Amino acid sequence: MRNLYAPSRVWRVFRLLLTFFLLIKRRQSFLGLRPYAPARMREAIVALGASFIKLAQVLATRADFFDADYLNELKTLHDELPPMPKSDFERVFMRAFGKQNPFTRFEPIPIASASIGQVHEAWLKEGTKVAVKLRREGIERRVRADIRILRAMHALFRPLFSHYTKHSIEAVIEEFSAMILQEVSLSHELGNLKKFSAVYAGFGVLFPTPYEAYCSDDALVMSFMRGWRFDDKEALKSAGIDFRPVIDKLVHFYAEQMLVKGYFHADPHPGNLLINEKGELVLLDFGMVKRVGEGTRVAIIEMIKAAHERDYGRYVASAKRLGTIAYEAPESELAEFVERMFDIFADESLSAIDMQTLAFEVLESTRSLPFKLPQEAIYILRVSAIVEGLGTTYIPNFNGIKDILPVLQANIPRALGIKSSVIEMIADEITYAPWLLKDLKTTLRQASEGTMRVEMSLRQLEWLKKEALAYQRPVLLAFAAMLGAIFLLLYDPALKNGAALLFLLGFGRLLYR
């Protein structure tokens with residue numbers, strides 16, 4: 001445990017987070033230290049291991065935090081590490097299976113090795129081929145240590161950020177911490193796999209079947225799923241697989257997850273998506289599975305509807321409801337920004353590189369606008385970016401506005417629970433009519449008695465809190481200066497001139513705040 005907090009490691013974390021701080025603040029240096037260059041930053045992240053690779057993958061969705069060169073480096077990060085040392089592997093294997101080894105054959109060299117665990121081929125005694133995921137030795141202790149270091153460093157940098165940047169970074173750290181602690185438990189992943197398979201049974205996407213009798217916190221034993229990686233273009237081309245139906249299937253599947261069920265796989269990178277010889281989609285690795293809250297789901301639906309209708313004012317209003325834009329943000333300026341972005345990505349004459357260049361130019365002009373990143377939106381944005389990136393692997397100029405938005409719009413009726421026939425809709429309305437009449441009667445009674453309450457949204461309350469703090473801060477500083485002047489005079493009357501100046505500064509701050 002002592003090595004996890006070694007001064008050299010803490011210093012490397014500090015330098016990486018300082019780089020993030022300087023990039024977000026658009027500063028050249030701090031205490032004489034400059035930010036890492038993009039490639040050096042990537043090397044530092046990989047050297048620090050699991051926690052920081054996953055944190056950087058989340059930050060890769062923040063185009064408002066980083067320039068294009070840095071974002072491109074973050075997007076190339078893959079969760080791939082060398083296998084465990086043999087001694088660690090043997091220790092984990094013995095702890096997971098003990099002397100009751102259920103395998104007739106177990107390949108010691110893993111077929112995949114990531115930050116949390118590694119996957120091996122094995123055969124059960126009845127001859128069934130399985131995939132065995134083993135958790136890395138000591139990974140939970142390391143992750144918990146990394147989270148403590150991250151929180152300590154965040155406390156150091158926190159006062160230097162603006163209100164909304166500060167809370168966005170807090171949201172990233174807290175959501176990341178909660179998610180990675182779940183991910184290091186293979187028992188938790190087993191539960192996710194079972195539930196996900198049940199929720200999406202019959203959708204036409206394949207999932208591994210777990211062998212629960214052999215599973216534990218250190219090991220997950222599953223049926224072996226065959227297929228090519230989603231980004232293996234040459235293999236898919238050789239197999240004669242048409243990619244367009246596959247990407248359509250993926251987009252429809254994520255529309256179902258995000259909009260209809262509100263329960264989604266949060267890590268669909270190419271290594272977790274296979275395509276088998278029949279062209280079927282295979283989904284792997286269920287360590288990161290998230291729920292979409294009802295309020296968030298409704299806000300996303302509103303944004304999709306507004307985007308489809310090119311109603312930019314309503315799009316901004318629903319983004320505020322989602323929490324990605326601050327309550328007091330200027331709607332007209334933001335609506336203009338959204339319209340410019342939609343025009344760029346809807347222009348089929350532009351190449352993907354031109355689109356990206358123009359989009360970054362527009363983003364650069366909005367640095368002063370109060371964008372936010374609430375916890376519930378972090379992985380939604382990340383998944384959206386990954387799915388869009390997967391589409392661009394095979395389809396030129398594939399993007400969310402041109403290719404994904406129509407699919408999402410088509411799923412809105414199902415997401416809202418709208419029935420497919422008029423008779424079903426009328427039956428539903430008749431069923432709910434008594435409750436609506438009761439609610440109306442209650443509202444009218446409260447209005448006449450003067451007991452009606454108006455509730456404010458969390459976004460409005462957050463804005464009021466920010467405004468109150470902004471109002472109080474100069475007052476508190478002024479009183480602190482005046483009290484300091486009094487204590488200075490009591491401590492040494494000879495310092496009366498300095499005390500008088502300090503008092504006048506505080507008093508003047510009160511008058512002209």
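Tutor: Of the 513 residues of the chain, 45% count as buried. Buried means under 20% relative accessible area, exposed over 50%, and partly exposed in between, with a 1.4 Å probe and protein chains only. This is a predicted model: local features need pLDDT of at least 70, side-chain atom pairs count only at pLDDT 80 or more, and totals for chains, interfaces and linings use all residues. Residues are numbered from 1 along each chain as its sequence is written, and side-chain values use heavy atoms, with hydrogens and water left out.

Student: How many helices and strands does the chain have?

Tutor: Both are DSSP runs, numbered from the N terminus: helices are H or I with at least four residues, strands are E with at least two. The chain has 19 helices and eleven strands.

Student: Is strand S6 enclosed or open?

Tutor: Strand S6 spans residues 219-223. Five of its five residues are buried, so S6 is largely enclosed by the rest of the structure.

Student: Which residue of S6 stands opposite lysine 133?

Tutor: Strand S4 (residues 129-135) and S6 pair in the antiparallel sense over five bridges. Two strands pair if DSSP finds at least two bridges between them. Opposite lysine 133 stands leucine 220.

Student: Are the rings of phenylalanine 93 and phenylalanine 97 stacked, tilted or edge-to-face?

Tutor: Rings of Phe, Tyr and Trp (its six-membered ring) pair if their centres lie within 6.5 Å; planes under 30 degrees apart are stacked, over 60 edge-to-face, and the rest tilted. The structure holds 19 aromatic pairs. Here the centres of phenylalanine 93 and phenylalanine 97 are 5.0 Å apart and the planes stand at 55 degrees, so the pair is tilted.

Student: How far apart in sequence are the parts tied together by phenylalanine 203 and phenylalanine 253?

Tutor: These two form a tilted pair, with 5.2 Å centre to centre and 35 degrees between the planes. Phenylalanine 203 lies in the loop between helix H8 (186-199) and strand S5 (205-206), and phenylalanine 253 in helix H10 (residues 243-261), so the parts tied together are apart in sequence by 50 residues.

Student: Which helix is mostly covered, with ten of its ten residues buried?

Tutor: Look at residues 50-59. Among the buried ones are Phe52, Ile53 and Lys54. The helix is H3.
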